[in-house]
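I open this notebook to record what I looked up in the structure shown below. The entries are grouped by topic.

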Amino acid sequence: MASAAPSPDPDTAARQRWMRVLSLAPVDRLEAAWRDVSDPPVPRTARPPEIGTAMVTGRAGGTGARFNLGEMTLTRCAVAIDGADGATRVGHGAVAGRASRHAELAALFDALLQDPARRDELTKAVIEPLAAFLEERRCDESRQAAASRVDFFTMVRGE
Amino acid sequence: MYVAVKGGEAAIDAAHAQLAARRRGDPDLAALTVAQIRDQMALAVARIMAEGSLYDPDLAALALKQAWGDVAEAIFLVRAYRTTLPRLAVTRPLDTAAMAVQRRVSATFKDLPGGQVLGPTFDYTHRLIDFALAAEHGEDASNPPPSAEEPLDAAMPRIADILDTDGLIEPETDADDPDPDAPVPDLTRAPLTFPAGRALRLQALARGDEGFLLSLAYSSQRGHGTTHPFAGEIRMGTVEVEIIPEDLGFPVTIGVVTVTECQMVNQFQGSRTAPPQFTRGYGLVFGFAERKAMAMALVDRALRAPDLGEAVVAPVQDEEFVLSHLDVVEASGFVQHLKLPHYVDFQAELDAVRRMRRAASGEGASS
């Protein structure tokens, strides 16, 4: 529906998946996961956390021409991590709110997850449990909403 | 005109100290925390985000605390804060069809796919004061709402998508947006000129004063600018927000926002160029803000009168009137500037009135 959405290559699609999970995850869970990273790297700040806004756009009628709905706060950050293979990988974090630490943790994990030597382990230890947590939370909220779904029935009158 | 006035610094300091003390209230009572306000006054927080035009629940809650509970003042604080922030991105358009729905009702189709989901609504409450809430331990947090076995249907088609297939409602597609990479007009970046067009109108309505929009919508229902609206669909829930960071070049999710969307469906007789069909008014607002979203959709439709070949006969249809007066910060500022010193102006008018009276009595004496 939206513009500029060519189907991404598999690596990009995987990165989009983990970046989504990192943005939506509660920051205390990311903090705990960061403490558990084995052989912790020494990250360099490529771009310190910066707080600004994103202009949120909508579409007239939900599907028509775009319009500006209003802004939201946004924090972005970039870190560089040197892998054991000598390559430097830059991780990006962009998260809603005024959330410097969250953006920083998202960027750190994004950098680590780009490292093939760490990806599988981190995906299993961090991303998959967080994705499951988010899905469970979404499902719980939806089941609560579903309890207030109206079941209409028709009264047959007369005889 | 008013002139700069010096002096009064000590009085102003004392006034501010009084304000701070009155805002805090009885020091023997616990101070409200921002988190309490954010969670327990969430609808006030939503209004501040919508009209402050900045989605940030913690910030809006803090503004409400600082503003002593004055929502309009809190909106002003949020607007002022917004101007200090750099704009880092423009999001991709929200996909409200993919909303994690918490409430979704239609007044036009009883059995629409996905069903009618009431959610946390005041509808069907009896509006009786609940004195149990006043008791110290009157609230039982251990009593969660019920859950269904299954979550809601994944597919929750919008009402227009249902009518669309039969061509009975005017379509709205991204073909209305011929250049998807062109920037969207933004009233925070360029002064409004008229005609403003629908994109600017929707932006202005989304951040407009709820009371003003509600009254305008009501006026149109009562016959001042006739509309025949149906609430085709109202939905509320969270939508994921994506940006395309420059450094990456692909979309990434940054978080979610709660929004309320309203699709009004209006009867349309047809014109020389358009067949009789239903036309649409659209409301989209930050937060759970159903009254505002419905009013916005009614006013959006009314403002489309010239585009649909309808006569502009009422205030609600007059783009310049509506857009010039819907902003609570502007309206509040202009009304309240009257309390600033106008001593010189008033002195001049006083002299003028005295002169006119002397002249009038002089004429009276000579006749």
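Predicted model: local features only at pLDDT ≥ 70, side-chain atom pairs only at ≥ 80, totals over all residues.

**Entry 1. The interface**

How much area is buried between chain B and chain A, and what share of it do carbon and sulfur atoms give? Residues are numbered from 1 along each chain as its sequence is written, chains are lettered from A and ligands numbered from 1 in the order in which they are written, and side-chain values use heavy atoms, with hydrogens and water left out.

I found a buried area of about 6000 Å² between chain B and chain A, with 59% of it from carbon and sulfur atoms. Buried area is the accessible area (1.4 Å probe) that two parts lose on being put together, summed over both. On the side of chain B, L88(B), P93(B) and I254(B) supply 11% of the area buried against chain A, more than any other three residues. The size of an interface is often given in this way, as the accessible area lost when the parts come together.

I then looked up the residues that take part. Chain B gives 79 residues to the contact and chain A gives 57 residues, where contact means heavy atoms within 4.5 Å.

**Entry 2. Polar and charged links**

I recorded 8 salt bridges between chain B and chain A. The term stands for a side-chain nitrogen of Lys or Arg within 4 Å of a carboxyl oxygen of Asp or Glu. One that I looked up joins the side chains of D177(B) and R59(A), at 3.9 Å from N to O.

For polar contacts, the rule finds 33 residue pairs across the interface of chain B and chain A, both residues being at pLDDT 80 or more. A polar contact is a pair of N or O atoms within 3.5 Å; within protein, one must be able to donate a hydrogen and the other to accept it, and residues adjacent in sequence count only if both atoms are side-chain atoms.

Strand 5 (residues 252–268) of chain B provides 9 residues, the largest share of the side of chain B that touches chain A. Helices (H or I, at least four residues) and strands (E, at least two) are DSSP runs, numbered from the N terminus.

**Entry 3. Strands of chain A**

Which strand of chain A did I find largely enclosed by the rest of the structure? The answer is strand 2 (residues 66–82) of chain A, because 15 of its 17 residues are buried. Buried means under 20% relative accessible area, exposed over 50%, and partly exposed in between (1.4 Å probe, protein chains only).

I next listed the partners of this strand; two strands pair if DSSP finds at least two bridges between them.

- Strand 1 of chain A runs antiparallel to strand 2 of chain A, with 13 bridges, and R44(A) stands opposite A80(A).
- Strand 3 (residues 88–96) of chain A also runs antiparallel to strand 2 of chain A, with 9 bridges, and H92(A) stands opposite A78(A).
- Strand 1 of chain B runs parallel to strand 2 of chain A, with 2 bridges, and L54(B) stands opposite E71(A).

I also looked at the turns. The hairpin of strands 1 and 2 of chain A has 6 residues between the strands, and G61(A) in the turn has a positive phi of about 70°. In the hairpin of strands 2 and 3 of chain A, 5 residues lie between the strands and G86(A) has a positive phi near 90°.

A further pairing crosses the chains: strand 1 (residues 44–59) of chain A and strand 2 (residues 87–90) of chain B are parallel over 3 bridges. There, M55(A) stands opposite V90(B).

**Entry 4. Chain B**

Chain B has 12 helices and 6 strands, and 40% of its 367 residues count as buried.

W68(B) follows helix 4 of chain B and has a positive phi, near 65°.
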